[in-house]
Amino acid sequence: TVPEQLGTVEQYEVILALSFFSHLPERTWSRWLRKLLSLLNENGILVFTTHGYESLRRAHYPFNKFTGFKFSPASEQKDLDGADYGNTIVSAGYVVPQIPSGFRLIQFHEADWEGYQDVYVLTRT
C-alpha cells in the first residue's frame, strides 16, 4: 500500500504490471507509477494495463460525468482493504500527464488487453 516501501533495489529490463493500475486509488496511482519506473535499468520498459473507456462503457458509467479518474473502493479481492485496492478507470488524458520527466510513452493500445484494458508501454527518454 506504500509504494516507497517496496523492498527491492533490483533494476529490470522489463516490468509487466497487468491489471494492477486498474485497482489503485488516486492517492497511490502515480506514486506506484514512479516507483515501478525507478526500478527500470537504462534501457528498460514498463508495460502496464488500465481500465479505460471500454471498461467504462461496459460498467455503464455515464461518460459525461467521467473526469478521467474513477475509483470504487470494492473489488473481488476480499483480503485487501477496498480503500487501497478497488476498481479504477482512467483515461489516457489522465495517464499521460502522470508520466514523470525522464520517461516517455512509446506505445498505447486502447482496449487491447482482453478486449477491454488499455495497454501502455513506457521507457526512459
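## Salt bridges and a pocket

Arg-57 has a relative accessibility of 47% and therefore counts as partly exposed, a value that, like the others here, comes from a predicted model. The side chain of Arg-57 meets that of Glu-54 in a salt bridge, with 2.5 Å from N to O. Both residues belong to helix α2, which covers residues 53-58, and because they are three residues apart in that helix, about one helical turn separates them. Glu-54, at 18% relative accessibility, counts as buried, since the cut-off for that class is under 20%. The pairing also extends to a further residue, as Glu-54, Arg-57 and Arg-58 are linked in a network of salt bridges.

In general, side chains of opposite charge can pair when their charged atoms come close. The count for this model comes to four salt bridges, and three of the pairs are described in this report, including those in the table.

| Salt bridge | N to O distance |
|---|---|
| Arg-31 and Glu-4 | 2.8 Å |
| Asp-84 and Arg-27 | 2.5 Å |
| Glu-54 and Arg-57 | 2.5 Å |

The salt bridge of Arg-31 with Glu-4, whose closest N and O atoms are 2.8 Å apart, starts from helix α1 (residues 26-38), where Arg-31 lies, and reaches Glu-4 in the segment before β1 (12-17), so that it ties together parts that are 27 residues apart in sequence. Arg-31 is partly exposed, with a relative accessible area of 25%, and Glu-4 is also partly exposed, with a relative accessible area of 48%.

Asp-84 and Arg-27 form a salt bridge as well, at 2.5 Å from N to O. Because Asp-84 lies in the loop between β3 (69-72) and β4 (87-90), while Arg-27 lies in helix α1, this pair ties together parts that are 57 residues apart in sequence. Asp-84 counts as partly exposed at 23% relative accessibility, and Arg-27 is partly exposed with a relative accessible area of 44%.

Which residues line the largest pocket? Asp-84 and Arg-27 are among them, together with Thr-1, Phe-20, Leu-24, Pro-25, Thr-28, Trp-32, Leu-80, Asp-81 and Tyr-85. Sorted by class, this lining has six nonpolar, two polar and three charged residues, and the space in the largest pocket is about 150 Å³.

Notes: Residues are numbered from 1 along each chain as its sequence is written. This is a predicted model: local features need pLDDT of at least 70, side-chain atom pairs count only at pLDDT 80 or more; totals for chains, interfaces and linings use all residues. Side-chain values use heavy atoms; hydrogens and water are left out. On a 1 Å grid over the protein atoms alone, a cavity is a set of points where a 1.4 Å probe fits but cannot get out, and a pocket is an open set with protein on both sides within 12 Å along at least five of seven lines; lining residues have an atom within 4 Å of a point. Grid points are joined across faces, edges and corners, and a volume is the space filled by probe spheres set on the points. Ala, Val, Leu, Ile, Met, Phe, Trp, Tyr, Cys and Pro count as nonpolar, Asp, Glu, Lys and Arg as charged, and the others, Gly among them, as polar. Helices (H or I, at least four residues) and strands (E, at least two) are DSSP runs, numbered from the N terminus. Buried means under 20% relative accessible area, exposed over 50%, partly exposed in between (1.4 Å probe, protein chains only).
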